[in-house]
Amino acid sequence: MIRRGVATMIRRTVATAIWAYAIWLLLTWTATAEQLVFGALLALAVGVALAPIGDVVAPWRLLDPRRIGSILWLLLVAVVRIVRANAGLAVRIWRPSRPLRSGMVIVPTALRTDGEIGALGLITSLIVDNQIVDVDRTHDVLQY
C-alpha cells in the first residue's frame, strides 16, 4: 500500500514538473544552459510542492495516437481563426468608417467538466474577436 502511494506521488510530481517546465520554456523563450537548468529545478520544486494536491493529466497522454489527429486539427483551426480575426481587426483599424456592431452571442455547449470549459475559454480568448464574458453552468451556455 505504501509503495502504491509513493508511486502515485512520483507520477504526480513528474507529470506536474513536465507541465511546469513546458510553461517555463514558453514563458522565457530562452535556450541558455542557465535558463534550462534553473527552469528544470524550478519545475521540479513546483512538482514536489503540488503533488500532494491531487492528480494532474500526464503530458505523455498527448502522444496517444487517438488524440494526435484531434490535437492537430484543433491547432489548425485555431491558427486559421486567429489569423482571420487579426486580419479583420487590421482592416477595421485601417478603415475606421466601417460600422461597429456590438452585441452578445449565447452559445450552447456540450462541455461539462471544468477542464473542457477552461480549455475552450483559453483557446477562444486567443482569437481577437472572441472573448468569454460569462459561463452559465445551469443552462450550459457560453455568453460572448
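Arg112 is partly exposed, with 43% of relative accessible area, where partly exposed covers the range between buried (under 20% relative accessible area) and exposed (over 50%), for a 1.4 Å probe and protein chains only. The model is predicted, so local features need pLDDT of at least 70 and side-chain atom pairs count only at pLDDT 80 or more, while totals for chains, interfaces and linings use all residues. Residues are numbered from 1 along each chain as its sequence is written, and side-chain values use heavy atoms, with hydrogens and water left out.

**Salt bridges**

Side chains of opposite charge can pair when their charged atoms come close. A salt bridge here is a side-chain nitrogen of Lys or Arg within 4 Å of a carboxyl oxygen of Asp or Glu, and a search of the whole structure finds five of them.

| Pair | Closest N and O atoms |
|---|---|
| Asp55 and Arg11 | 3.9 Å |
| Asp64 and Arg67 | 3.9 Å |
| Arg112 and Asp140 | 3.4 Å |

The salt bridge between Arg112 and Asp140 links distant parts of the chain, with Arg112 in the loop between β1 (106-108) and α4 (114-125) and Asp140 in the loop between β2 (134-136) and β3 (141-143), 28 residues apart. Helices (H or I, at least four residues) and strands (E, at least two) are DSSP runs, numbered from the N terminus.

Asp55 forms its salt bridge with Arg11, and because Asp55 lies in the loop between α2 (33-50) and α3 (65-94) while Arg11 belongs to helix α1 (residues 2-28), the pair ties together parts that are 44 residues apart in sequence. Asp55 is exposed, with a relative accessible area of 56%, whereas Arg11 is partly exposed at 38%. In the pair formed by Asp64 and Arg67, Arg67 counts as partly exposed at 34% relative accessibility.

**Residues with positive phi**

Trp29 has a positive phi of about 55° although it is not a glycine. This residue lies in the loop between α1 and α2, and at 68% relative accessibility Trp29 counts as exposed.

Asp140, the salt-bridge partner of Arg112, likewise has a positive phi of about 55° without being a glycine. Asp140 is partly exposed, with a relative accessible area of 24%.
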